Amino acid sequence: MDDHDDGQDPKEKINYKAAFRLLYGLVMERKTPFAVAAGYMAVGTLLSLMIPVITKYVIDTALPAMSPRALLTAVGAYLGVTLLYLCFNYLQVAQLARAGQDTIVELKRRLLRHMLSLDLDFYSSTPVGRLNARVQSDTSTLYALFTNTVITILNDVLMFAVAFGVMFFYNRHLALMLLPVFPVLGLMGWAYASVTSPMFVRVRKIAAEVPGFLTEQLNGIGVLQAFGREADASSKMEELNKRKFTAEMRVELYGVIFFMTIVALQPISTAAIFGFGGRLVLEGKMTVGVVVMFLLYLGYLFEPIFRLSEHLSVIQRSFSAGHRIAKILALRPALTEPEKPHHLASVREGIEFRNVWMRYKEDAGWVLKDVSFRLPRGSSLAILGETGGGKTTVTSLLFRFYDYQKGHIEIDGTDLRKLSLGSLRQAIGLVQQDIYLFPGTVMQNLKLMDDTIPDSRVHDAIRTMGLDHFFKKHPLDKKVKEKGANLSIGEKQVISLARAMVLDQEVLVLDEATSNMDPHTERAITGAIRTLIRHKTVIVIAHRLSTVRSADRIMMISGGEVKELGTHDELLAQGGLYSKYYRLQFGEGA
Amino acid sequence: MIASLKWLYPYWRRHAVRMAVIVALGMASAALQAYNPVLIKNIVNGLSSSLTPEYLRHNVLLILAVGLGMFITNATAMRNRAIMNMKLEWEIRRDVFDHVITMDRNFFHKFTTGDLVTRMADDISEKISWFACSGVFRFIQAVFTLAAAVGMMLYINPLFALCVLLPLPFVLVLSIMTGRLLSGKYKELQEAITELFDFLETCFTGVRVIKANAKEESQLAFFEAKTAAQREAEVSVAKLQIIFSYFWHEAGFVSTALLFAAGGLLVINGRATLGELIAFQFYANMVVGPLMDISQFVVTGNRAGVSIKRVNELLTARSSLKLGTGDKTTPDHITELEFRGAGLKNPKGDAMLVHGVSFKAARGQRVAVVGKIGSGKSTLLSLALRLSEHDEGSMLVNGCDVREWNLRLFRERVGYTSQEAAIFSGTLRDNIVMDRKFGVTDEMLQKALETAQLAGELHKFPKGLDTVVGTRGVALSGGQKQRVAIARALLTCPDVLLLDDATSAMDAQTEDHFWKAFRKEHPDALCLAVTHRARTIETSDLILVLDEGRLAEQGGHAELLARGGLYKQIYERQKLVEEIGPKPEV
C-alpha cells in the first residue's frame, strides 16, 4: 500500500533543522560502516570507469598493431576489471544494507521505547495506524535515503569528476563542449520535479477519493436502489473517473516530454561527438579510440540525470518523515515519577478512595464526583454502570494514568501520588478481555511476552484456575495468527484471565467484556473469574451475573457519582437501580 | 495468461485505431533502433580509412534524423500507451460499477463492502491498468526490437551475432533460478514485516494493559527479536537482488568480452571491420532491454491475471431479481401488501434467513416488526422492497404478484430507511432530495423536514440545508442521521414506508412527535417499522414478532400480551430497559 495516512496537516511547516539533526546524528553514529561502504563504492566506480580506456586501447593500439597478444591482454584486463567491479559493487550493497538496517532498527527501538513511556493521552489522540506508520514506514523512507540516495549521489559526483577528468586529459576542446550540457540537464530535472510534485500530490488525492466514494455508495446501496438512484451513482462515478484520468494525463505529459528529451540526448550527443570528434580525427588531432571512449563515458553519465528527480523526491519525503519522528521524540510524558518515590512492596491493608473528583481538562465537566469507597485486602468489588459513567476512569486513576484534582486515593494509608509508578503497577494488575493477542505462541501471550517468567509458573496458574482441560484442547505452543483471528473470542478471554494468574499481582483490576459463547467456554471463564476473586483483591467492571454474584460488594456508578454501594442482598432490598438492573438481566428466575 | 488477454481484447477493440497506431509505432521504433548501429559502423570504418567530410556529415545527420525519429515514435507510443492504460482503467471501473449497483441484497451479503472496494479500486488501478496496455504492448515492441536487432546482426556479420547471442541462454537460466530464490526471500521478508505490523498494532491497542502491568521492557525485548528478524531478511533480499540485477544489467560484459576477443582477432585478420566491432557493442546493449520487458510481461501478467479473475467474478454475478415479466405501470396507489409463506435463503449456506412468513397489511396501518438480533427483521423489509427476490412463497401488492409490477415505479411508491442510516457526501439538501428533481417542490421538502423533526435542528448547521455533510463535511450525530434518512423517505409522500430501526437514536419525546406528525401528514401510508420502543410497538395496528426467521406471533398489542408468549417477554424486557434510563451496559 503506497498511500499512507501521514497524519500530517499539509500546512504544517517541516522543521528542517530538527529533521536534519536527527538524520545527521543517525549517520554519524555509524560513520565507520558507512565510510567503508563509500570506500567500496569509490573503488567500484573507478574500476568501471576504466573500461572505456581499455576500449580505447583496443581500438587505438592493439588492433592497429595487429597484435593478438595485446588484444587478448586487453580482453583479460576487461574481464578482470569487470569482475572486480561486480565484487566491489556487491560488497558495497551488502555493507550498505547492513549499516542502513542497523541504523534503522536502532531508530525503531528508540522510537518504540520512547512511545511506551508516553501517557495514555498520546494514544487516545493518535490512531493506531498512524503510530504504526511512524515506526515502520517513516523509518523505511529513511532507510532508502541512507542506502540508496546518498550513496548514489556520491557515486554520481565521483563519476562525473573522474569521467570529465579523463576526457579533459585526452581532448580539452571536446570535453569543454560537452560540459555545459549537464548543468542544463540538472536544471531541467529540478524544474520537472518542482513543477510535477504538486501535481503528483493532487493525483494521489484524487486517487484516494475513489475508494472513499465506492465505500460510501456501496454501504448505502440499499438506499440508492430503494430510491432508484442507480443512474445518478453511475454518473458520479463517471465524473470521478474522468477527473482522475485528466489529472493523471496532465502529469504524464510532463513526464513523457522530460524523459524522452533526455533519451533523445543520446543520439544528439552521439552525433555531436562524431561530428566534432570525427572532424578532429580527420585533421589528425584525435584518434578513433578516443572518440569511442568519449561516446562510452557519455553513456555512463546520462543515467544520473534520469535518477535526479527520484532523488529529489526521496529527499523531500525523508525530511517529512524525519520531521515527524523528531516531533515524537521531543514529546515528554506529563505524569512522571514523584521526587522521592515510595516503593510499594505489597498491599497489606487495602485501597481507599475518599471524596475523589476528577476531570480530564480544566474547562471540561467533572467525570468523577465525590467518589468514595474502600477495598480491604482480599475482598472484591464489582462496579456497574452505563458507558461513560465513570467506571473506567476509576480504574485509570488507580494506575495513575491520569491525575485527580480533589480528594484522596490511598494505598495502605500512603498517598498514591507518592508511590513509584513501577512498583505501583507491579503490585496491581490489569486484565482486559477485549484485546488482540501478540504474534507468538499461546504460552508467550500468557506471560505477556515476558520471557523472564518460568514456564512452571504458567502451568501452576493453569492448574489453580482449573483450566487444565481447556489448555489441553488449545495447546500452549499453538501459534497465534493475525492478532488472534484463529482463536475464538471465548478462547481469547480465557487466555487473558489465565494471564492474570501468571502475572501474579496481589491486586487485580478486571475489565470484563460482553459476548455470547458456548456454555463450555462460558463455564471455564466463570470458574476462572471465581478463582481470581478468591485469591486476590479484585475490582471488576462486571457484565456477567456470575461475576457480580461472586463479588463481596457492588458499586453502581452513574454520571460520575456513586449511586449505590453495598452487598448484593443489601442492594436488592433497597429496591433501587441495582435491583431493577438485576431483574432485567436475570428475569423471573432470580 | 491467455484468459487475461481474451478478457482484455474487447476493451482493445473499442480503441482499435489507437492500438494499431501503437503497434505501428512499435515496429517503426524497433526498425530505427536497429539501424542506428549501422550508421556508427559506417562512421567508424570511414574514420579509420579516411573518408570525406561530406560522408561524415551525411552519416552524422542521419544519426540525428534517426534520433529524432526515435524520439517521435517512442514519445508518441509512450503517450498513447499511458492514455490507453488510464482509459482502460476508467472503462473497466465504469463497467464493473454499473453492473454492481444493480445487484441484489444476496450479492452484498456475499461480498463485503471492503472486498468490493478493493476489487474496484486497487485491483483495477494497481494491477490491471498498467498491464492492460503497457504490459502487453511493450512486450510486443520488445519482440519487434529483438527481432530487428537479431536480424540486422545476422545480416551484417553472423559470427559476431553468435558472440552476442551465445551467452544469452545461460544468462536467462541463471536469472530465472535466482529469480525464484528471490521470490522465496521476498515472501520471508513479507512475513516478517506482517508479524511486526501485527505486533505493533497489538502493542498500541493494548498499551493500557501493558503499562498497567509494567511490562514495557518485555515488549521492547520481543520487539528487538522481531526487528532483528526483519533486518536479516532485508539484508538477504538486498544481496540477492543485486545478484539478480547483474544478470540483466551486467551480463552483457560476457558478450562484449567475446566480441573483443573473437571479433578483434577477425579484425586483425582482416575478415571484419572495426566499425562492425563497435556497432556490435551497441547491439549487445540493445538486446538486454527487450529481454527485461519480456520477463516483466510474464510477472505482471500473472499478477494482473489474478486481479482480472477477481474483477470478472463481479462482472459475471447475476441478480436474483427477474425483471420485466410484467409491466404493470400503475397510476394506482399501493393499498395492500401481503406476504404468503415468503422465504429467503441465506446466500452463504443453506439455512433460511426468513421462512414461511404470512401476513397482510393494508393502507393506513402501522405495522411494528419486533424480534431479537438476527431474527430476520431487516431481511423482511428488504423483501418488501424487492432488494432480493424471494425464494419461496409469494408477495402480493394490491392482490397481484409483486413480480408483475414495474420495479422502478414500484420503488418510487415506497420510502425506505436502512438500518445504518446512509449519509452521502454532499449537502443536507442533496442527501434528502437525492437528485429527485422532478416533481419535488420546496413545499414538499419543508413538510418532510417538519415531519421528520429535523426542521428545528437546521439552525445548528452553519449553512442550514446547504451545509456539506459526509466524510469530508460536518459529522452528524446518530439521531440527526436518522432524521435525515426519514426526511428522505417521506419526501415524495410514498404509499408504503419501510423503516428499519429508524428512530433508535431519538429520545422518546421526539419519537412521539414524529409518529403524530407522520399520521397527520400521511394518513393513508402503510408503514412497516422495525422498532424496539415500547410505546411505538403498543400503539401499532399490527405487530409481527419474528424469531429465527419465522413469524412466531402476530396481532394487536393486547391480544399478544394476553397470550403470554414471546411477545410478552420482549415487551416487558424493553419496558424495563427504558425504565432504567441511560441503560447499564447489558
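In the predicted model, the contact between the two chains draws on 121 residues from chain B and 130 residues from chain A. The area buried between chain B and chain A amounts to about 11,900 Å², and carbon and sulfur atoms contribute 71% of this area. Eight salt bridges are counted between chain B and chain A, among them the one formed by B:Glu217 with A:Arg113, in which the closest N and O atoms lie 3.1 Å apart. Across the same interface, 31 residue pairs are found in polar contact, with both residues of each pair at pLDDT 80 or more. On the side of chain B that touches chain A, the largest share, 22 residues, is supplied by helix 3 (residues 53–100) of chain B, and the residues of this side as a whole comprise 73 nonpolar, 20 polar and 28 charged.

Within chain A, four strands form an open sheet in the order 2-1-4-5, with antiparallel pairing. Strand 1 (residues 350–358) and strand 4 (residues 406–411) of chain A run antiparallel and are joined by five bridges; A:Glu352 has A:Glu410, in strand 4 of chain A, as its bridge partner. Helix 11 (residues 391–398) of chain A packs on this sheet, where it touches strand 1, strand 2 and strand 4 of chain A, and the direction of helix 11 makes about 120 degrees with that of strand 1 of chain A.

Key:
Residues numbered from 1 in each chain as written. Chains lettered and ligands numbered in written order. Predicted model: local features only at pLDDT ≥ 70, side-chain atom pairs only at ≥ 80, totals over all residues. Heavy atoms only, no water. Contact = heavy atoms within 4.5 Å. Buried area = accessible area lost by both parts, 1.4 Å probe. Salt bridge = Lys/Arg side-chain N within 4 Å of Asp/Glu carboxyl O. Polar contact = N/O pair within 3.5 Å; in protein donor to acceptor, adjacent residues only side chain to side chain. Helix = DSSP H or I, 4+ residues; strand = E, 2+ residues; numbered from the N terminus. Nonpolar A, V, L, I, M, F, W, Y, C, P; charged D, E, K, R; others polar. Pairing = 2+ DSSP bridges. Axes fitted to C-alpha atoms, helices over the stretch in contact; angles between N-to-C directions.
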